[in-house]
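Let's take a walk through a two-part protein model together. Keep the picture open beside you while you read.

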Amino acid sequence: MTAQEVRLCGLLLREHFGEVVEKVGTHLLRSGAQNLRTIIHETGLPLDLVKKSLCVLVQHGACNFRSGRKGPGCPTEYQASGDRILRILRYPRYIYTAKTLYGDTGELIIEELLQRGHMTMSSTVKTVADRLTQNMEGQGRSMDYSEVTSAFSKLVETQFLQRCPPMGGARNTKDSGSPPTPSTPATPGTPASTALLTPESFPDCYKVPHITLIGRGKRRHSSDDGEDQKSAKKAKMDPETHGDEGIYWQVNFERFHLHFRDQAVISAVANKLDQTCSEIVRTMLRMSEVTTSPSATCTKPLSANEIFRSLPASYNILRPILDQYLTLLVDDPMEFVGKAGESGGGMFVVNLHRALANLARATLESAVQERFGSRSARIFRLLLRKRHLEQKQVEDFAMIPAKEAKDMLYTLLSQNLVQLQEIPKTPDYAPSRTFYLYTVNQLPTARMLLQNCYKTVANLIERRLFETKESKRLLEKSQRIEAILASLQVSGAEPEQLTEVEEMITAPEKQQLESLRLHINKLDSAENQVDETMFLLEAYVSSTATSTA
Amino acid sequence: MDGWRSHDTVLQRCVHKLDIGQSNDRQTVDISLLWLWLLLTCRAAILKAVQLFVVFFFFIFVYHRIRELCQQFPHGITDQVIQNDMPHLEPQQRAAAINKLLSLGQLDLLRNSSGLLYRMKDAQSASKMKGSDNQEKLVYQIIEDAGNKGIWSRDIRFKSNLPLTEINKILKNLESKKLIKAVKSVAASKKKVYMLYNLQPDRSVTGGAWYSDQDFESEFVEVLNQQCFKFLQTKADMSRDSKQSPMVQRNSSFATSHEVWKYICELGISKVDLSMDDIETILNTLIYDGKVEMTVIAAKEGTVGSVDGQMKLYRGVNPVIQPTGLVKTPCGLCPVFDDCHEGGEISPSNCIYMTEWLDF
């Protein structure tokens, strides 16, 4: 974990779980695995607070625990996982994706699971159905549990949700907040509860248990009658088992990331070529969704015949046209699609890792272009393309006057976007007898940019916190007034009274609130945009790590 | 220089011997009675005349033959070539002929790895160099050898071993005679290179079409860059709107470098004549801008715009991604990004860039 990542993690924890959890979390991130006693000693927090915050972290998978390294009998150690904490930043995107794919129900299921870390299926279904019912209040309808259940099963089927690894009872004791039992029985997968669960190690990972849950969602404050019914039902149902006790579910972030990656590739194809090409690539990716392993460099080969059959009929693409499009895709220098063979009308693959590398390169180029201007970007691209060049060659190829080119090259060099390689003709490294070659190393540069992204997001969050702190008084006031207004409306007050209360916020204050709202929105959307860059770069870095390993 | 001179004298000595030998040879010529009578009457005088005559014509013949050979082989001929061409000629005669030509200043004697080489001197330069001393000739020779790339005065000094002051004097002298000229190089503005007066300086010296008076014309390059892109872009747009099959669409969006060149020429934005290579350099900058793609295809020999049976095709392309999210924030463009820390002089809370961006 770099300092930037820890800072960002701290900010995210503070925002979502408060200052105490932040303190414990960042402490764990900085100092690695530690036992409870050391944490209490080093953070100086009271025992119960530390325990509670550890519970929160474990509940969200942001922290895992294992029996001590010094053998059986020594205290359990806790380790925070920074990657999981950084996922918090992407929550809006997960929720939005679930909404576009599975509608409101999917959105709420993912939202509930993200907010609570992990839940059993039955409780998720109940909560979601209740919330949906509450939203439908105006229409007087209610949500059936079975509908939510089927949405949940669909999410599991497409592997967006997965079971939490079995914990051998240790988790239950954690959840209730009791002191951790030393030396938890070692079950497979315990050391990394947030790691991707491969179906091989957990055969039931994506198996939906049969739950017995019949009924409809209930409104919480609909009426006294409903309240009665609810409590009655609750009393009746609570002792009842739904058949899925002890099976907890969590969001499969990796699956979402694969989806994001596919989307990035598809939109890149749409930008570069055209809509039809992107639809063909989308079809190819969808066909190989299940058969291709998450870390594969390219999808399993698909024949042109198969692709043709799987294309949605609404696109109306004829077979010869499809062949032409596929040739176009293969010929394209970005190499999104590659040809793997000639059988079956040509076998085609989507080069996932190469596409990621190309997208990351485009990201770097765009970062240079926006920050240093298009001419510097020209030099940057030139170096990416030609690998090693001398200063004179850079000037000639880029057609930029020597003086300016030198300036740009040195600026890029000082920002570590361009590297300098010395090749001496004699062992004394005399400048007159040394070649100075400029080059761009894509992977380290991408890593650096990723760190910049972390810092940027942290800056944006800090700014947002600062902005809200600045107008704290105003916000509180407006909230109070809104509360008064709501209560007045319920009690059926006179319209004059309402306007009187409303006028308690003066016009300039209103304006200030409005601008604050704008600022916060802008900062929020900027955070999400930077997160997209972060995602691309992270995917690229991890893909090169797996392909070289 | 000294080497050559000593060689000259040796050859001249050879020629003397040759002359005597020749006169003996020619005594067996068939002659008429009248000639016999004349011979008898004023034998000595006629003998001398005939001798001179024969020698003269012989020289004319050999001289012409060598000149032809030199023209045939502009890089120079060796002794062996002359020998193969005129096998009846004896070594001494050959030497005499060459010696004469050398002394007349019409032939150059060069030395290479395989031996001596003879080369015809420019008739013009030979006449120009009249009245110059050997040092001047030497400097001229060095400058001539440098060709249209030119040579720096310091390099002349190294090659000639003459003192710098002397060289400067000679250079001034030659310049005033309009035998050589000084050209300012674009590589280093203070550096003057010398070359023969009638030569067109090399591109590496003048910088080609992109320089005027040693200044790189970046505006000109930018304008050409934009125009080329506009041309390719319209072509790509047109092909996209044509609603043809995808392959045809792609292929019709390509333009050869020759087409671009013709377009630029017809636009008339350039005062200087641009070559195809110039346009290709411009198109390459577009590739580095990420706006254009290039492919090379095989072309039929003799097709317009093909070079060595290859044709370069260019087409405008769309960017793969929109500006990335990072650079849409002020931090992505911040010049003091590395100095920014919470609680510091520069911090996200008091950042002026962020304030401006938020109020925008």
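Which residues does A:L161 touch, not counting residues up to four places away in sequence? With contact meaning heavy atoms within 4.5 Å, A:L161 touches A:I109, A:I110, A:L113, A:F152, A:L155, A:V156, A:Y206, A:W249, A:Q250, A:V251 and A:N252.

A quick word on where this comes from. This is a predicted model, in which local features need pLDDT of at least 70, side-chain atom pairs count only at pLDDT 80 or more, and totals for chains, interfaces and linings use all residues. Residues are numbered from 1 along each chain as its sequence is written, chains are lettered from A and ligands numbered from 1 in the order in which they are written, and side-chain values use heavy atoms, leaving out hydrogens and water.

**The two chains**

Here they are side by side. Helices (H or I, at least four residues) and strands (E, at least two) are DSSP runs, numbered from the N terminus. Buried means under 20% relative accessible area, exposed over 50%, and partly exposed in between, using a 1.4 Å probe and protein chains only.

Now take contacts between residues at least 6 apart in sequence: in chain A, 66% of them join residues at least 24 apart. For chain B, that share is 51%.

**Inside chain A**

A nonpolar core is a set of buried Ala, Val, Leu, Ile, Met, Phe, Trp, Tyr and Cys residues joined through side-chain atoms within 4.5 Å. The largest one has 109 residues, and A:L161 is among those with the most contacts inside it, along with A:L8, A:L54, A:I109, A:I110, A:I379 and A:L383. Another core, of 36 residues, lies apart from it and includes A:L302, A:I317, A:L329 and A:L352.

Next, look for A:D531 in helix α22 (residues 507-548) of chain A. A:D531 counts as buried because its relative accessibility is 2%. Leaving aside neighbours within four places in sequence, A:D531 is in contact with A:L89, A:R90 and A:R93.

**Where the chains meet**

At the interface, 51 residues of chain B are in contact with 55 residues of chain A. Buried area is the accessible area (1.4 Å probe) that two parts lose on being put together, summed over both. Between these chains it comes to about 4500 Å², and carbon and sulfur atoms give 62% of that.

How many salt bridges are there between chain B and chain A? The count is five, where a salt bridge is a side-chain nitrogen of Lys or Arg within 4 Å of a carboxyl oxygen of Asp or Glu. One salt bridge joins B:R250 and A:D331, with the closest N and O atoms 3.5 Å apart. On chain B, the elements that give two or more residues to the side touching chain A are α11 (218-241), α12 (246-253), α14 (276-288), α15 (330-333) and α16 (352-359).

Most residues other than glycine have a negative phi. A:Q159 is not a glycine, yet its phi is positive, at about 65°. You'll find A:Q159 in the loop between α8 (145-157) and β5 (161-163) of chain A, and its relative accessible area of 29% makes it partly exposed.

B:K178 also has a positive phi without being glycine, near 60°. B:K178 is in the loop between α9 (164-176) and β4 (180-184) of chain B.
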